[in-house]
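Here is a brief report on a single predicted model. Please have the sequence and the coordinates open while reading.

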Amino acid sequence: MIESIINRVSCGRLEAPAPSEEHLELMFKAALRAPDHKGLKPWEYIVFEGEEALNRFGDYMLQASLKDNPELDEAAQEKLKKKPHRAPMVVVAVAKANNHPKVPHIEEVLSTGAGVQNLILGAYDLGYGAYWRTGSLAFNDHMKAPLGLDYEDTIVGFIYLGTPSVELKTKPIPEVENFVRKG
Ligand SMILES: Cc1cc2nc3c(=O)[nH]c(=O)nc-3n(C[C@H](O)[C@H](O)[C@H](O)COP(=O)(O)O)c2cc1C
């Protein structure tokens, strides 16, 4: 397992098939084992799969962008609508805000980030490709209402999932000593 963690790479070039139902279930089981202060389970994963769902998600992106900038030209609008189609499946990872007196929201965000890492490690381990994206749209509050989120919730990422259409890169492993020191 440690080898899979060390060797994981992202893949942005993705095609069908998306993770199967059975594999997706396993990946989410892994995501739902993220460390979790006070057991709040502050996670929500919203799955967009297939043409119709990805079109709808692209429309959320377009409408949210237009609210910020109503002057967007036609080319920019088309580009936004197509964004989700870079993969056969996009999962929106959300940290819900529970407003617990002992758990600041940053911890809910961190926990969801750990969940996303488990999800993409699971994808890699099962032979799928994954790419964690944010970009300005993850921080655009106009994305929240169409996604059914509360204003205080945080979008932690848009996770693009599918089958790699190119060979996976190999990445050099950073030197441990450059990042770790004795205290
Ligand atoms: C929170 C977060 C947000 C990210 N957002 C983007 C993004 O919007 N666009 C992008 O190209 N890469 C983004 N990345 C980086 C990629 O997911 C990926 O980790 C990076 O390209 C390095 O590739 P590797 O995972 O194979 O080392 C983000 C990573 C994290 C952790």
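Leaving out residues up to four places away in sequence, Asp 153 touches Val 94, Ala 95, Lys 96, Ala 97, His 105 and Lys 144. Asp 153 sits in the loop between strand S4 (129–133) and S5.

## The ligand site

Which residues surround the ligand? They are Arg 8, Val 9, Ser 10, Tyr 131, Trp 132, Arg 133, Thr 134, Gly 135 and Lys 171.

Ser 10 uses its side chain, with a polar atom 2.5 Å from an oxygen atom of the ligand. Trp 132 uses its backbone, with a polar atom 2.7 Å from a ligand oxygen atom. Gly 135 also uses its backbone; here the distance to an oxygen atom of the ligand is 3.3 Å. On its own, the ligand has 620 Å² of accessible area, and the protein covers 57% of that.

## Nonpolar cores

The largest nonpolar core has 25 residues. Within this core, the residues with the most contacts are Phe 48, Phe 57, Val 92, Met 143, Leu 147, Ile 155 and Phe 158. At least two core residues come from each of strand S2 (43–49), helix H3 (50–68), strand S3 (89–95) and strand S5 (154–164). Which element gives the largest share? Helix H3 does, with seven residues.

Leu 147 shows how the packing runs. Setting aside neighbours within four places in sequence, Leu 147 is in contact with Ile 46, Phe 48, Phe 57, Tyr 60, Val 92 and Ile 155. There is also a second, separate core of 21 residues. Ala 31, Tyr 128, Val 156 and Leu 161 are among its members.

## Met 61 in helix H3

Met 61 lies in helix H3. Apart from residues up to four places away in sequence, Met 61 touches Leu 80, Lys 83, Pro 84, Leu 137, Met 143, Phe 158 and Tyr 160.

Gln 77 is 16 residues from Met 61 in sequence. In space, their C-alpha atoms are 9.3 Å apart.

## Backbone details in loops

Where is the cis peptide bond? It joins Ala 16 and Pro 17, with omega about 5°. Pro 17 belongs to the loop between strand S1 (14–15) and helix H2 (21–31).

Positive phi values occur in residues other than glycine. Lys 41 has a phi of about 45° and lies in the loop between H2 and S2. Asn 99 has a phi near 50° and is found in the loop between S3 and helix H5 (105–125). The cut-off for exposed is over 50%.

Key: Residues numbered from 1 in each chain as written. Predicted model: local features only at pLDDT ≥ 70, side-chain atom pairs only at ≥ 80, totals over all residues. Heavy atoms only, no water. Near = heavy atom within 4 Å. Polar contact = N/O pair within 3.5 Å; in protein donor to acceptor, adjacent residues only side chain to side chain. Areas by Shrake-Rupley, 256 points an atom, 1.4 Å probe, with all protein chains shown as cover. Core = buried A, V, L, I, M, F, W, Y, C linked by side-chain atoms within 4.5 Å. Buried < 20%, exposed > 50% of the residue type's maximum accessible area, 1.4 Å probe, protein only. Helix = DSSP H or I, 4+ residues; strand = E, 2+ residues; numbered from the N terminus. Contact = heavy atoms within 4.5 Å.
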